[in-house]
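This report describes a single protein chain in terms of its strands, packing and local backbone features. The sequence and structure come first.

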Amino acid sequence: IFYPDLLDPTETPHFTVTPCEDADFAILRFHAGPPYEDIAFKLVNREWEINHKHGYRCQFQNGIFQLWFHFKKYRYRR
């Protein structure tokens, strides 16, 4: 998400994940502050793989907020 005109560049944007009315979904909300409004996405409510090795990254650099994640994969072993 591109935020070129933040009023306070020292305060970084952040995200929150909140449960939805439907238990199968969750709301991913990005908040950056003025002059921008919040952006929200509806996601499948599954656990994230948060190890850096497996693809999790959250960074704010040069006015660009990036969030990368993968859902955990549960493998069946007999």
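N62 is exposed, with a relative accessible area of 70% (buried is under 20%, exposed over 50% and partly exposed in between, using a 1.4 Å probe and protein chains only). N62 is not a glycine, yet has a positive phi of about 55 degrees. The residue sits in the loop between β5 and β6; strands are DSSP runs of E with at least two residues, and helices are runs of H or I with at least four, numbered from the N terminus.

Strands β5 and β6 form a hairpin with two residues between them, and N62 is in the turn. Strand β5 covers residues 57–61 and pairs with β6 in the antiparallel sense over five bridges (two strands pair if DSSP finds at least two bridges between them). F60 has F65 in β6 as its bridge partner. Strand β6, residues 64–68, has F65 and L67 on a covered face, while I64, Q66 and W68 lie on the uncovered one.

## Basis of the model

The model is predicted: local features need pLDDT of at least 70 and side-chain atom pairs count only at pLDDT 80 or more, while totals for chains, interfaces and linings use all residues. Residues are numbered from 1 along each chain as its sequence is written, and side-chain values use heavy atoms, with hydrogens and water left out.

## The β1-β2-β3 sheet

An open sheet is formed by three strands in the order β1-β2-β3, with antiparallel pairing. Its edge strands, β1 (14–19) and β3, each pair on one side only. From one strand to the next the twist averages 25 degrees; axes are lines fitted to C-alpha atoms, for helices over the stretch in contact, and angles between N-to-C directions run from 0 to 180 degrees.

Strand β2 (residues 25–31) runs antiparallel to β3 and is joined to it by six bridges. F30 stands opposite I39 in β3. The loop between β2 and β3 contains P35, and the peptide bond joining P34 and P35 is cis, with omega about 0 degrees.

## Nonpolar core

In soluble globular proteins, nonpolar side chains tend to be buried together. Here the largest nonpolar core has nine residues: Y3, L6, L28, F30, A32, L43, W48, F65 and L67. A core of this kind is a set of buried Ala, Val, Leu, Ile, Met, Phe, Trp, Tyr and Cys residues joined through side-chain atoms within 4.5 Å. At least two of the core residues come from β2, and at least two from β6.

Leaving aside residues up to four places away in sequence, W48 touches F15, V17, L28, L43, Y56, L67, F69, H70, F71 and K72 (contact means heavy atoms within 4.5 Å).

## Salt bridge

The structure holds one salt bridge, a side-chain nitrogen of Lys or Arg within 4 Å of a carboxyl oxygen of Asp or Glu. E47 and K72 form it, with their closest N and O atoms 3.2 Å apart. The pair links distant parts of the chain, 25 residues apart: E47 is in the loop between β3 (39–44) and β4 (48–49), and K72 in the segment after β7 (70–71).

E47 counts as partly exposed because its relative accessibility is 44%. K72 is also partly exposed, at 25%.

## Annotated span

An unreviewed UniProt entry annotates residues 1–78 as "domain: Splicing factor Cactin C-terminal". UniProt positions follow the numbering used here, feature names are shortened, and annotations may be inferred rather than shown by experiment. In the model, residues 1–78 are 0% helix and 42% strand, and the end C-alpha atoms of this span lie 43 Å apart.
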